[in-house]
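Here's a quick briefing to read with the model open. Grab your viewer and follow along.

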Amino acid sequence: MHSMYVSSFVNSLIMKHAFILFCGMICYVCCPAQSTFTISGYVKDASSGEALIQAAVMVPEAQTGTYTNEYGFYSLSLPPGSYTLQLSYLGYAKQQHHITLSQSLNLDVELMPEGLQLEEVVIAAEAEDQNVSQVQMSTLKLNIMEVKRMPQLLGEVDIIRSIQLLPGVSTVGEGATGFNVRGGNVDQNLILLDESPVYNSSHLLGFFSVFNADAIKDAKLYKGGIPANYGGRLSSVLDVRQKEGNNKQFSASGGLGLISSRLLLEAPLVKEKGSFMLAGRRSYMDLFLKFSSDSAINSNTLFFYDLNAKLNYSLGQRDRLYLSGYFGNDVFGFQDAFRFQWGNQTGTLRWNHLFSDKLFSNFTLIYSDYAYKIGVPEGSDSGTDPFDWTSHIINYNLKADFGYFINPNHTLDFGFSSLLYRFKPGEVDFLGENPNFDDFQLEHEHALESGIYVNHEMNAGEKLQLQLGLRYSLFQNIGPGLVYQYGEGLPRSEGNITDTLQYASRQLIKQYGGLEPRAALNLRLGSQHALKASYNLTRQYIHLISNTTSATPIDVWKPSGTYIKPAIANQWALGYFRNFGDNAFEASLELYYKTFANLVDYKDGAQLLFNRTLETELLTGKGRAYGLEFLLRKQKGRLTGWLSYTLSRTERKVPGINQGKYYPANYDKTHELTLTANWQLNERWDFSANFAFASGRPITYPDARYTFDGIVVPNYSNRNGARTPAYHRLDMAANLNPKKKEGKRWEGSWNFGVYNVYARKNPYSIFFRQNEDNPQQTEAVRLSIFATAIPSVTYNFKF
């Protein structure tokens, strides 16, 4: 092993031990010896045994309280005495427990879901006043039951599409892969499924999400004030948690839709000790194609599938194991001329251990593989030599996270992680007995990203809460690998290569690292309103290299190295939060300003695929994003929903592009307005609607043209200097729920929906071509993904 790599590894190990010692000193200072006892335990759903995340645990006599963590665990340290423990979680019946603390006590609580009450329909999934009581800001939490009632494209319940209706989140258009958060590119979002990274979150080239809502328990999006335990991306974290499985009894649910069907199975392994969850989903558009008598249609293939699985088992009061996985794939084939498939595979093994009633730990092993394959099969009459092109991004990750509940006013989180990347950007195998070309392979790349963090949340008096975090990340690009050397003072180009450096396995090629401070505060201005502020610095060491309007499954991911530096972002945010109407209404107004450094962009006309010298096509610049976000949300009563508005600007400045001046990013939209509403008519019928409006996104129009061999060629120089027309759309849905019959296990419901009700032809892009009748004339053509209203019907069941 190379000496530099050994040295960096030893330094990292020393830092980890110093970090743990530092955390211990903080615990000692913040928690002096005194006569207190601890009450701790788990808060769960009484009907299924699922842990409830962020349930409120309050003690009125001590005017204090806490919230459960991601595994439903809570811990409170109090002086000896008699107390009333109040537990609440919206959508569940509240509970009170009278306790006498004369020694430390373990108390597990199960909350019962509330029945449907027309005068009190609840859509949120957290404590009632979290909007003002918690220090976290710029955070959006989705309730899966709420999402299921919303209108959806072809009836497919979609988490990614739903978060785009909330402030600060957008997309370049319908059918686009990924989403953009506060001026960030799609690769700047860390998407986690049970802590495992998901590199492509879309099915069918962006029309649907990879997340099967039946298998999802919780989804939380951090747009700013990102806690220190998250790292590796600049703009946001989408943390999605799968269901654990019903440990009380067997249950099943599913649905039959126009485009896909799904089935979820849950059951105890050992009652109230362990359970499993298994969910599957498959589209069947390809099955209908086969009924066509047209061979140009029935020979095509187009489908996707998902499989979600999870096991959990309690080894005792202090230990629980979790094993979860996701397997998804898209398959597309055009007759015998072309085939394309891509998908994610993830696996997560977790061990929860309680070292004491105050110290919670979670140890995690993670595997992730994003792969795609594209090619032309043997025997194809397309005229193209048959080949297979495959690519992979493989991750192996080891994490340890600790939560120390010092006392009701101080909570300390700390931990470390080490992530190994393996990039396989492209391998081409030419098929057949005597291929005309030799097999081709781009150099594999390897990297190690490590991080340690500490996060301290404290109550500094009755009105002020603080969250102070610090993360240190270290990124090492390691061999085996090749690095091309270019002539000094000459532009990087393939013709200017003067030498090639070859690195052995595990030899250090390039190293980056740095601190990432995080801070947030909450100043309570009263029981119903608060002023919040946050700051975070984030670093991103891997980059999506793309020159398309939106990301595609075959885009290239590239690690930081000799010629590509890590991207860095600083974000400041300030917000005012208000609850009113007995917490039935939530309102928030946030301002943010973000700066970017070392952003990767591409030269005009860049060749990004199968390029051994990719660095010769790239440019580096900076960016800025700023905006205002407003959200008004009603979460109780027959009528629920929200109104969202975002005013923002996102710009980039890259030497060599647009004469070195700032230009709008591809996904910049000045105005975005959404309105979402759900009306509960009676026990059986509810109706919902979404309306979305957005300013046109930037686009590059030609500013000149020239003729070459009789062909008119447009010339582009003003990057993103024009905009598409505005986007707007109305969706509507109705849900017919089953009659309530005691003792009846089978329940069936219907969802009827219309997407794009008034058939708006929203522009996805505008391209230019020669007029067929007059080739000397160039005409603009608007491309719309949907040009008509799209109805849907879905039958859902459970038993």
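Is Arg684 buried, exposed or partly exposed? With a relative accessible area of 31%, Arg684 is partly exposed; the cut-offs are under 20% for buried, over 50% for exposed and in between for partly exposed, with a 1.4 Å probe and protein chains only. Keep in mind that this is a predicted model, where local features need pLDDT of at least 70, side-chain atom pairs count only at pLDDT 80 or more, and totals for chains, interfaces and linings use all residues. Residues are numbered from 1 along each chain as its sequence is written, and side-chain values use heavy atoms, leaving out hydrogens and water.

**Surface patches**

- Arg684 sits in the loop between strand E41 (671-680) and strand E42 (685-694); strands are DSSP runs of at least two residues, numbered from the N terminus.
- Val270, in strand E19, is partly exposed at 36% relative accessibility.

**Salt bridges**

- The count is 32 salt bridges, each being a side-chain nitrogen of Lys or Arg within 4 Å of a carboxyl oxygen of Asp or Glu.
- Glu590 and Arg182 form one of them, with 2.9 Å between the closest N and O atoms. Glu590 is in strand E37 (residues 585-602) and Arg182 in the loop between strand E11 (180-181) and strand E12 (189-193), so the pair ties together parts 408 residues apart in sequence. Both Glu590 and Arg182 are buried.
- Asp194 pairs with Lys310 in a salt bridge at 3.5 Å between the closest N and O atoms. Asp194 lies in the loop between E12 and strand E13 (196-197) and Lys310 in strand E21 (residues 301-316), so this pair ties together parts 116 residues apart in sequence.
- Asp194 counts as buried at 0% relative accessibility, and Lys310 counts as buried at 5%.
- Asp194 and Lys310 also belong to a network of salt bridges, along with Glu195, Asp239, Arg241, Arg350, Lys399 and Asp401.

**Aromatic pairs**

- The structure holds 40 aromatic pairs: rings of Phe, Tyr and Trp (its six-membered ring) pair if their centres lie within 6.5 Å, with planes under 30 degrees apart called stacked, over 60 edge-to-face and the rest tilted.
- Trp750 and Phe752 have ring centres 6.2 Å apart and planes at 10°, so the pair is stacked.
- Trp750 is partly exposed at 36% relative accessible area, and Phe752 is partly exposed at 34%.
- One aromatic cluster is formed by Phe250, Trp746, Trp750, Phe752, Tyr795, Phe797 and Phe799.

Note on methods
Helices (H or I, at least four residues) and strands (E, at least two) are DSSP runs, numbered from the N terminus.
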